[in-house]
Amino acid sequence: MNTDNMSILGLTIDFGPYAFIDDYQPGFICNHSDYQGRYAFDNQPAVAYWNLHRLGQALSGLMTADQIRGALDAYEPALMVAFGEQMRKKLGFFSRDNQDNDLLTELLSLMAKEGRDYTRTFRQLSYVEVAENHMTLRDDFLDRDAFDAWHRKWRLRLQQDNVDDATRQTQMKSVNPKRILRNYLAQNAIEAAEKDDISVLTRLHQGLLNPYEDDAAFDDLSALPPDWGKTLEISCSS
């Protein structure tokens, strides 16, 4: 997300070197030319801040240094609030609690340690009922004891909000997609199109029109990527 890929509205553009993350790796790099990890997944907030510095520099003839500094100082608090709200929704929380960040950090650490799929993990959490002791997602983890310990704390946190399962599941599904445009799906569509077969692309497009909805007709599009699909490198010309 360099400066020419971030608009003044804070939107990202030019999606050639972008990718949805598969196995959760905080330092995930999707652009093959980013040798030093400047634009790695966990460095995106810092890069956005640097971009805003450059914007402030461009506006220095119209604003005082104090005005620019004041605007930049508001970035980190605003980011943390927005990030916290989004991740609470992904975890199914309807209120704020001091333990929320610890629960998120613990889950992400476990996912990173075992290389669990980012999209699948959060989507599977969306189906959980508070009263159930076992969930399918548990089978994705090798360290079952660590997952069980986190799961118990998470369920207790859910109970604090006193929200019924159906309401919570609806919210979680609305922010945790069932299907995403994984690199290998795009590659399959490209290879088919190169052979004058656009049916793969057409079906992929149809399946991604409503990525948050469960639809058995497109279950194959939510499958975990094959090993070769996790190592595809992309660039600005992809």
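**Group meeting talk: cores, a helix and some salt bridges**

Hi everyone, let's start in the middle: the largest nonpolar core has 27 residues, and those with the most contacts inside it are L91, M111, Y118, F122, L125, W150 and W154. The largest share, 6 residues, comes from α4. Please keep in mind that this is a predicted model.

There is also a second, separate core of 6 residues, which includes L185, A189, L204 and F218. As a general reminder, nonpolar side chains tend to be buried together in soluble globular proteins.

Back to M111. Leaving aside neighbours within four places in sequence, M111 is in contact with Y24, R116, D117, Y118, T121, F122 and F141. I'd like to pick T121 out of that list. T121 sits in helix α5 and is buried, at 1% relative accessibility. What does T121 touch, not counting residues up to four places away in sequence? The answer is L107, M111, R116 and L137. A polar atom of the T121 side chain also lies 2.7 Å from the backbone oxygen of D117.

Now a quick look at α3. This helix has 17 residues and spans 24 Å from first C-alpha to last, close to the 24 Å expected at 1.5 Å a residue. Its buried residues are Y75, G84, M87, R88, K90 and L91, and they pack against α1 (44-58), α2 (65-73), α4, α5, α6 and α7 (165-175). After α3 comes G92, with a positive phi near 90°.

On to charges. How many salt bridges does the structure hold? There are 16. Here is one: R182 pairs with D117, with the closest N and O atoms 2.9 Å apart. R182 lies in the loop between α7 and α8 (183-193) and D117 in the loop between α4 and α5, so this pair ties together parts 65 residues apart in sequence. Both partners are buried, R182 at 2% and D117 at 6% relative accessibility.

Another salt bridge joins R123 and D214, closest N and O atoms 3.2 Å apart. Because R123 is in helix α5 and D214 in the segment after α9 (199-208), this pair links parts 91 residues apart in sequence. Here R123 is buried at 3%, while D214 is partly exposed at 40%.

Finally, D165 and R168 form a salt bridge at 2.8 Å; the two are 3 residues apart in helix α7, about one helical turn.

Definitions and conventions:
Residues numbered from 1 in each chain as written. Predicted model: local features only at pLDDT ≥ 70, side-chain atom pairs only at ≥ 80, totals over all residues. Heavy atoms only, no water. Core = buried A, V, L, I, M, F, W, Y, C linked by side-chain atoms within 4.5 Å. Buried < 20%, exposed > 50% of the residue type's maximum accessible area, 1.4 Å probe, protein only. Helix = DSSP H or I, 4+ residues; strand = E, 2+ residues; numbered from the N terminus. Contact = heavy atoms within 4.5 Å. Polar contact = N/O pair within 3.5 Å; in protein donor to acceptor, adjacent residues only side chain to side chain. Expected span 1.5 Å × (residues − 1). Salt bridge = Lys/Arg side-chain N within 4 Å of Asp/Glu carboxyl O.
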